[in-house]
Amino acid sequence: MKSVVSLMAAAALLAGTIAGCGGNAGGSSAPAGESTATEAAEGSASSGATFKIGSIGPLTGGAAAYGLAVVNSVELAVNEINANGGINGYQVEMKGEDDELNAEKSVNAYNTLKDWGMQFLVGSTTSACSLAVSENTHEDNMFQLTPSASAADCVNYDNVFRVCFSDPNQGLASAQYIGSKKLASKVAIIYDSSDVYSSGIYQTFAQEASNQGFEVVSAEAFTADSKTDFSVQLQKAKDAGAELLFLPIYYTEASLILTQANTMGYAPIFFGVDGMDGILTVENFDTSLAEGLMLLTPFAADATDDLTVNYVKNYKEKYGETPNQFGADAYDAVYIIKQCLEEAGATPDMSVSDLCETLKSQIVKITASGLTSDTMTWDASGEPNKEPKAVVIKDGAYVTAE
């Protein structure tokens, strides 16, 4: 993606990933991918052929901050690519579908996009949905690049790759960061045992803790059926003297935990991972309670490099809010696909299966540079190699941690 960054810097960097199919955060009535992206695609190469990218995520409901960020950022990248000549001279179309954070609906969304003519998928956004959809992309031999599905099994098939860190890697990196920065000697954990994302991160974090000079003094679970009252888990953490509370969970539950901890006078350092990104958008949540909260993420919206500055600026202008890490991963995903297609000289008249084989062979050869890492590489496992970063919420905004 070094070539991608050069292209974007020379051209306007993000002129134009979450709206799509009725979920546009910027307030537009037109679904993402069916407005400017599609209109631009109408002026494609002389043959009229276009590359078609589909994207799936929760555009409504409690996890909409993730799916909207993904689909909007795909649209943003596609619009920019089209404005700068497309891919190998061909314009690009995109279409986003809502899965409502439901695996069955994610498969339905995949089938809708397949009927539309999708050639590659940026999605699904969350782990359980991506796992379900991967059964179909594998059967169809369609290239699937999930921006943010982090469960280890999400990349079991050879046609599926990811941009984000896996759950095990997030748990490992979080423990190492807390240990290396000496943030606490006693750590408590609250995790969702019914969720593969949360439990996967918890397991590797707990395993690595003993190597990092801190003690896990309390590890308490909840499930999807009991995720509103965390008083018992918080009391155990407080009684054990935990100075830091590790929360490998999504932001909605985390906002409740921070609110309830404040009510009981418990104020440890709160530390999360990428699922925490979005906590400042929770409706009716007192965001002052998140002051000082840290999370491990490969993207910081306050970074001063040209790529990030332009991405954030253009995202805010189009969608009316600051993008999160999920959006940054999705934006990178589109440019990763672009880089692979260009280096292979691929054309949109190739079959879905041939395009998949081309992308599979190219992605393990490239070195990409984007919003979430200066250097990204992949091997056949589907896992990215990139460096972790941490951000902290300060004055109501995400800033890079020291």
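In this predicted model, Lys 227 counts as partly exposed because its relative accessibility is 33%. Its side chain meets that of Glu 253 in a salt bridge, with 3.4 Å from N to O. The two residues belong to distant parts of the chain, 26 residues apart: Lys 227 lies in the loop between β7 (215-222) and α8 (231-239), whereas Glu 253 lies in helix α9 (residues 251-263). Glu 253 is buried, at 11% relative accessibility.

The structure holds 11 salt bridges. Side chains of opposite charge can pair when their charged atoms come close. Among these bridges is that of Lys 95 with Glu 97, in which the closest N and O atoms are 3.7 Å apart. Lys 95 is buried at 12% relative accessibility, and Glu 97 is buried with a relative accessible area of 14%.

Glu 317 and Lys 313 also meet in a salt bridge, at 3.1 Å from N to O. Because these residues stand four apart in helix α10 (residues 306-319), about one helical turn separates them. Glu 317 is exposed, with a relative accessible area of 56%, while Lys 313 is partly exposed at 44%. Elsewhere, salt bridges link Asp 158, Glu 357 and Lys 360 in a network.

Charged groups also meet aromatic rings. The charged end of Lys 52 sits over the ring of Trp 116, 5.1 Å from the ring centre. Likewise, the charged end of Lys 386 sits over the ring of Phe 165, at 5.9 Å from its centre.

Which rings pair with one another? With ring centres required to lie within 6.5 Å, the count comes to 18 aromatic pairs. One of them joins Tyr 66 and Phe 326, which are stacked, with 4.2 Å centre to centre and 25 degrees between the planes. This pair links helix α3 (residues 64-83), which holds Tyr 66, to helix α11 (residues 325-344), which holds Phe 326, across 260 residues. Both partners are buried: Tyr 66 at 1% relative accessibility and Phe 326 at 2%.

The rings of Phe 246 and Phe 271 have centres 6.2 Å apart and planes at 45 degrees, so this pair is tilted. Since Phe 246 lies in strand β8 (residues 244-247) and Phe 271 in strand β9 (residues 269-272), the pair ties together parts that are 25 residues apart in sequence. Phe 246 is buried at 0% relative accessibility, and Phe 271 is buried with a relative accessible area of 0%. Finally, ring pairs link Phe 299, Tyr 311, Tyr 315, Tyr 319, Tyr 331 and Tyr 335 into a cluster.

Key
Residues are numbered from 1 along each chain as its sequence is written. This is a predicted model: local features need pLDDT of at least 70, side-chain atom pairs count only at pLDDT 80 or more; totals for chains, interfaces and linings use all residues. Side-chain values use heavy atoms; hydrogens and water are left out. Rings of Phe, Tyr and Trp (its six-membered ring) pair if their centres lie within 6.5 Å; planes under 30 degrees apart count as stacked, over 60 as edge-to-face and the rest as tilted. Buried means under 20% relative accessible area, exposed over 50%, partly exposed in between (1.4 Å probe, protein chains only). A charge sits over a ring if NZ of Lys or CZ of Arg is within 6 Å of the ring centre and within 35 degrees of the ring normal. A salt bridge is a side-chain nitrogen of Lys or Arg within 4 Å of a carboxyl oxygen of Asp or Glu.
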